[in-house]
Amino acid sequence: MALLPSIGQPVSRLEGHSKVTGEARYSGDYNVAGLLFGYVVNATITKGKILSINTEAVKTLPGVIEVFTHENRPALAWFDLQYADMDAPPGSPFRPLQNDKIVYNGQPIALVVAETFEMARYGASILEVTYSNEAFSTDLAASIIEARAPKMGLATALKPPPPKPKGDFDKVFNESPVQVAGEYYHGTEHHNPIELFSTTTVYEPDGKLTVYDKTQGTVNSQLYIGNVFGLHYKDVRVISPYVGGAFGSGLRPQYQLFLSVMAALELKRSVRVTLDRSQMYTFGHRPPTIQQTRFAADSSGKLTAMNHTAFAETSMFEDYTEVVVNWANMLYPAPNTKMEYKLVELDVFSPLDMRAPGGSTGLHAIESTMDELSYQLKMDPLELRLLNYAETDESLGRPFSSKELRQCYMQGAEKFGWANRNPEPRSMRRGNKLVGYGMATGIWEANQLPARAQAGIDKDGRLLVGSAVTDIGTGTLTVMTQIAADEFGMRVEDVIFSYGDSKEPFAPIQGGSMTVSTVGSAIKAACAALRKKLFKKARAMNNAALKGVDYKDVDFKEGRIVVREKPDRFVNLTGIVAANKGRMIETTNFSVPHVFKLKKYSRAAHSAVFVEVEVDEELGIINVTRAVTAVAAGKIINPKTARSQILGGMVWSISKALREETISDHRLGKYMNQNLAEYHIPVHADIHDLDVIFVEEDDQVVNELGSKGVGEIGLVGMPPAIANAVYHATGKRINQFPIHFDMLL
């Protein structure tokens, strides 16, 4: 029986057993002899200067080895570029313990290192620090008058500025028979992965470092360490095979990495630094954003003008940006557009990419505005979107590489039962619950970055593949193994994928729904080069099987090179390796996106989301009772792991729309709910009937695999669909996330 292709099969997670049995070791689980423990002390003011740090009492504690502050921090890299990383925005990256200045509340100001975690933590708790305070500002709404355009930098390649205005928006809007305008707000959100940030730096006898880090990029951390501490990259190895969630928080090296490495180098000892849950709120976050929209249409419902303006938070030292306002004209054609994105500098740490950065923010405003427009027109929200369906990307004047959004609408609506919707708000009931239906569109760009991969055949005929890429819980190990297996017509069990280690070939940071496209394409290229190398070696053997046969006439399957038209003529891969004196035959290949080809097209995954909510009429409590997400994302490599990604995005959508936010007291410049008891996220009782549909989509342009990635697309469309369903249920339009029950009373 012929071996079926692995791609497209719902292969279970290869590391699943290790994770559920506790065999998997994370960055804080690696123990070595003589390991020391560091505990961070954080600033309790928002802006000012440290006047004094009294370390003497702490140093006298039994087992305390050292207390590091700005006063004894070693001299390190000088230039901003040396502290930058693969995800760094324009500006001057934060430098831990650099000087006596405090630039945000929670800033790390000291590290207590001791022989036990408990003693380090106790020492940190009694460290005496005095400050001088300065005036500060952390309130976006109060500072919006100071908004400015962002600075441009290298990051603009993946975070382009808003498209240029088209037509005469103001004139057409003011003269249009149908107009809607709204203001939208969502507060700060923190990533809150279940695994705390931890770094274990092992100081090797030869002075080299082996660093176990919680990261979304082993090479990113390696380069950061080398640049900041003046080390040769080959003397720094970063390992991170298991990551307990990250959602963007590991895209940049966080301060525990710096402190762990600094202490290890200074003490010539192995040092682990782990942040506690409250300290997980002392670095990057999704920035609060205020958005204003103005959409206009003619009496038939055709859009004539669109304006989307966003005001977002950034820090005083970096210009963090998101793609918030670029999506409307990608989704809906309109001849008159004006899109604006502005930043407000505040006394906070730099925001950081958080799952679907910008997209989950912008689509809330766009899709809620479209919903409101449909009610003004007395038109079905789905019908309005179909009427304004974009066959090309009018924002950039390009065709789409592929787009099956129309099928997402059709299949999603049918599965959900959208036709059963009563169009009147507050017209559907279930007992004492108001029932609402809402829908929205999702979009996320499909990008690809350069990467390297290695592939080889060993003496046992196994395919060994390697990449430095991490697996942040998305199924990367499984999917890359499937891709490699199909390249050689092998079983998944005969492929070993080595990953999460900076000694493996280069991979960029894992994020933005780019990993399969980026690393998968590199693996495909490495395997193609390896096949040619094996064929060449097989032809050189004293074996008549491939005599007179061209490479194009053979197949690689089940451990053999087989002549396609004469399957009884073949060479075993183990025989080729044996003829190579048993040495593994391997290749390393660099995969680069076809930039000139790709720039002719807009490339994006699309989704259509349909949601039902129940709202308790007396208490205002909202329940998402069921939801359907239909996704078009090119070729789905593994429908099981892909479905899991979409479901995760749908659960997070419920959280974003109804639960989570970080509360600030702007009088103190401080986050007030730095824990999982008060930072509300969904629990099992909040999650009901969630369904996922993958619409077939053939994309011959986007990359060698035809895959677009699904990490973000599950989160962008559902939050506004929930808000739209709440309006349909209650007749109240709530433009703020999260929607609290008291807003409905």
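In the predicted model, strand β7 (residues 178–186) runs parallel to strand β31 (residues 736–737), to which two bridges join β7, strands being DSSP runs of E with at least two residues, numbered from the N terminus, and pairing being assigned if DSSP finds at least two bridges between two strands. In this pairing H186 stands opposite F737 of β31. With strand β12 (residues 289–297), by contrast, β7 pairs in the antiparallel sense over nine bridges, and here H186 stands opposite T289. The covered face of β7 consists of V178, V180, G182, Y184 and H186, while Q179, A181, E183 and Y185 make up the uncovered one.

A nonpolar patch on the surface is formed by L619, I621, F741 and L745, which together have about 410 Å² of accessible area; patches of this kind join nonpolar side chains (Val, Leu, Ile, Met, Phe, Trp, Tyr) within 5 Å, from residues with over 30% relative accessible area and no salt bridge, a salt bridge being a side-chain nitrogen of Lys or Arg within 4 Å of a carboxyl oxygen of Asp or Glu. Accessible areas come from the Shrake-Rupley method with a 1.4 Å probe, and for residues only the protein chains shown count as cover. L619 lies in the loop between β26 (604–616) and β27 (622–632), and its relative accessible area is 47%.

Residues are numbered from 1 along each chain as its sequence is written. Because the model is predicted, local features need pLDDT of at least 70 and side-chain atom pairs count only at pLDDT 80 or more, whereas totals for chains, interfaces and linings use all residues, and side-chain values use heavy atoms, with hydrogens and water left out.

Definitions and conventions. Patch = residues over 30% accessible without salt bridge, like charges linked within 9 Å, V, L, I, M, F, W, Y side chains within 5 Å. Helix = DSSP H or I, 4+ residues; strand = E, 2+ residues; numbered from the N terminus. Buried < 20%, exposed > 50% of the residue type's maximum accessible area, 1.4 Å probe, protein only.
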